[in-house]
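Work through the exercises below with the sequence and the model in view. Each task is followed by its solution.

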Amino acid sequence: MVGHDGHRGWVYYLAVQPSHQRQGVARALMSACEDWVRERGVLKIQLMVRHSNQDVIAFYNALGYVDGEVVVLGRFLDR
Ligand SMILES: CC(C)(COP(=O)(O)OP(=O)(O)OC[C@H]1O[C@@H](n2cnc3c(N)ncnc32)[C@H](O)[C@@H]1OP(=O)(O)O)[C@@H](O)C(=O)NCCC(=O)NCCS
């Protein structure tokens with residue numbers, strides 16, 4: 001899922017079926033996401049990954065994505 005808030009592009013829920021991983025599918029999907037965002041005049045794209053998900057961080061690092069050194073804050077509204 002890709003979108004933008006007028007300032008930055010955001011990517012969520014990237015996943016490739018295990019039997020099809022390591023064949024360049026996610027790289028192609030991310031390239032399509034980047035094109036979609038760029039075509040809308042937005043020059044930065046970002047996403048969130050859990051610290052524990054080191055394989056996915058390695059994937060994004062391989063595509064040139066780096067740690068933005070930000071903290072994501074959240075709050076459940078039913079508590
Ligand atoms: C992360 C994920 C989407 C990658 O999909 P993929 O189609 O296998 O990725 P690609 O084949 O396009 O990989 C491109 C490059 O990323 C790197 N890479 C991919 N998976 C990697 C891994 N597990 N560990 C280290 N590097 C990895 C490699 O450099 C790879 O190039 P190479 O295969 O030529 O070495 C897939 O592993 C996945 O669906 N994971 C589970 C879902 C998930 O946690 N999504 C993220 C939510 S934030």
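**Exercise 1.** What percentage of the residues of the protein count as buried?

Solution. The model is a predicted one. A residue counts as buried if 20 or more other C-beta atoms lie within 10 Å of its own. By that criterion, 5% of the 79 residues are buried. The C-alpha atoms fill a box of roughly 40 × 30 × 25 Å along the principal axes.

**Exercise 2.** Which residues are closest to the ligand, and which element gives the most to the shell around it?

Solution. The ligand is surrounded by 17 residues, the closest being Gln21, Ala26, Arg27, Ala58 and Ala62. Two or more shell residues come from each of α1 (25-38) and α2 (54-62). The largest contribution is that of α2, with five residues.

**Exercise 3.** Why is α2 said to lie largely in the open, and which residue with a positive phi follows it?

Solution. Count the buried residues of α2: the number is zero out of nine, so the helix lies largely in the open. After α2 comes Gly64, with a positive phi near 95 degrees.

Key
Residues numbered from 1 in each chain as written. Predicted model: local features only at pLDDT ≥ 70, side-chain atom pairs only at ≥ 80, totals over all residues. Near = placed C-beta within 6 Å. Helix = DSSP H or I, 4+ residues; strand = E, 2+ residues; numbered from the N terminus. Buried ≥ 20, exposed ≤ 12 C-beta atoms within 10 Å, placed from the backbone.
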